[in-house]
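Dear colleague,

Please find below the structure that I am handing over to you, together with its sequence.

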Amino acid sequence: MPVPASRLKIAIAYFLIYVVWGSTYFFIGLCLHDFPPFVLGAIRFSVAGAAMLAICKLHGERLFKRGLIIKSAVSGIVLLFIDQAVIMFAQRFVSSSLVAIMASSTTLWIMLLDIPMWKQNFKSPATVIGILLGFIGVSLLYLEQLYNEKPNGSHHEYGMLLLIGGCISWACGTLYSKYKTATEESTDGLAGAAWQMLGASVMFSICAGMTGDFRNIQLTSVSQYTWLSLAYLITFGSMMAYTAYIWLLKVRPATEVATHAYVNPVVAVIIGVGLGHEDVTLIQISGLAVILLSIMLVNRRQNTE
C-alpha cells in the first residue's frame, strides 16, 4: 500500500516527471547528433548513478545490500536500458515529438500488465472503453507512419514498432520496481534508483564495446550544445526526474504516477516544434488526443471509486 508523504514533496516530484521528463525527448535528440545511442546511455546513467550513490551515502543510506542491488539492477535493465535504448534508436526514424506521443500509451500498458490490480482496474466498462480508445490512438499513429510516403525509402514504421516494445518494457520495469524493489528500501531511500541507473549503464557500456562505438567516438568533435544537453539529461532527467519517479511509485499508486503521460507528450511537442522546428501532423495530434482522452477516462473512473 502507498505510504504517507508530504504534499510538497509529492507536488515537486510530479512537476519533475510531468514537465522535466517531457523536455528530455528533445535533448536526447540533440545528443544523438554527436553520441551513438549506446555511448550516450553509458555516459548518462553511469555518471548519474554514481552521483546518486554518493548522495545516498552522505544521507547515511545502506548501499550494499545484496537484495537491493540485484533487484534494482534487474529493474534498471528493463526500465532504463531497454526503454531508453529503444527511444534513442527510434529517434533515428521519427521525431522526438512523435516518440513522446507514442510513449504516452505507457499508462495503458501498465494497466494491462498490473495483474494484482486487474480486479480493480477492469471492474468498470469505462476502464475497458478507455483502454480500447488508447490503442485506437496508437494504431492511428502507426498506420500513418506505415502508409505515408517517406524520403529516401526510410522505414518510419520500424521506429513505431520499437516504441511499442519500449512502452511495454517501461511498463514491466515500472511494475517490477513497485512490487519487488520497494520492499528493499526505506520510504525515503533512493539507493535503489542509483543502482538501477548503474545497472543500465553496465548494459549500455557492454553494447557500446561490442559495437565499437567507444572506439569510434571523437570527444573533441562533440559540440558545446551536446555537452550541455547531456548535462541536462544527467542532472534533471536522471538524478532528479527519474529518482522522483521511483520515489512516487513507493508512495502513490502506479496508475496515478503513470499519468505523467498526460503532460510529457504535450511538453515534448511544444519544445520540438518551438525549438527543433519539427513537423507535427493532424493525425499525430489526433492520435495524441485519443490516447490522452482514454487515459483521462480510465483515471477519472478510478479516482471516483
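**Overall architecture**

The protein chain contains 14 helices and 0 strands; helices (H or I, at least four residues) and strands (E, at least two) are DSSP runs, numbered from the N terminus. This is a predicted model, in which local features need pLDDT of at least 70 and side-chain atom pairs count only at pLDDT 80 or more, while totals for chains, interfaces and linings use all residues. Residues are numbered from 1 along each chain as its sequence is written, and side-chain values use heavy atoms, with hydrogens and water left out. Of the 305 residues in the protein chain, 52% are buried (buried means under 20% relative accessible area, exposed over 50%, and partly exposed in between, with a 1.4 Å probe and protein chains only).

**Helices H3 and H9**

Two packed helices are described by the angle between their axes and the distance between the axes. Helix H3 (residues 66-90) and helix H9 (residues 191-211) have axes that come within 7 Å and cross at roughly 55°. Here, axes are lines fitted to C-alpha atoms, for helices over the stretch in contact, and angles run from 0 to 180 degrees between N-to-C directions. H3 and H9 are therefore oblique to each other (angles under 35 degrees count as roughly parallel, over 145 as roughly antiparallel, 65 to 115 as roughly perpendicular and the rest as oblique). The crossing of H3 past H9 is right-handed; a crossing is left-handed if the near helix is turned anticlockwise from the far one by less than a right angle, and right-handed if clockwise. The contact of H3 with H9 involves 16 nonpolar, 7 polar and no charged residues (Ala, Val, Leu, Ile, Met, Phe, Trp, Tyr, Cys and Pro count as nonpolar, Asp, Glu, Lys and Arg as charged, and the others, Gly among them, as polar).

Gly192 lies in helix H9. Because its relative accessibility is 0%, Gly192 counts as buried. Gly192 and Leu68 are separated by 124 residues in sequence, yet their C-alpha atoms are 6.4 Å apart in space. H9 itself has 21 residues and spans 30 Å from its first C-alpha to its last, close to the 30 Å expected at 1.5 Å a residue; the expected span is 1.5 Å times one less than the number of residues. Just after H9, Gly212 adopts a positive phi of about 80°.

**Helices H1 and H11**

H1 and H11 pack with their axes 8 Å apart, at an angle of about 145°. H1 passes H11 in a left-handed crossing. The residues of this contact between H1 and H11 comprise 22 nonpolar, 5 polar and 1 charged.

**Aromatic pairs**

The whole structure holds 10 aromatic pairs (rings of Phe, Tyr and Trp, the last by its six-membered ring, pair if their centres lie within 6.5 Å; planes under 30 degrees apart count as stacked, over 60 as edge-to-face and the rest as tilted). Among them, Trp21 and Tyr245 form a tilted pair, 4.8 Å centre to centre with 50° between the planes. This pair links Trp21 in helix H1 (residues 7-31) to Tyr245 in helix H11 (residues 224-251), 224 residues apart. Both Trp21 and Tyr245 are buried.

Phe35 and Trp227 form an edge-to-face pair, 5.5 Å centre to centre with 75° between the planes. Phe35 is in the loop between H1 and helix H2 (37-58), and Trp227 is in helix H11, 192 residues apart. Phe35 is buried, with a relative accessible area of 1%, whereas Trp227, at 36% relative accessibility, counts as partly exposed. Finally, Phe26, Phe27, Tyr232 and Phe236 form one aromatic cluster.

Yours sincerely
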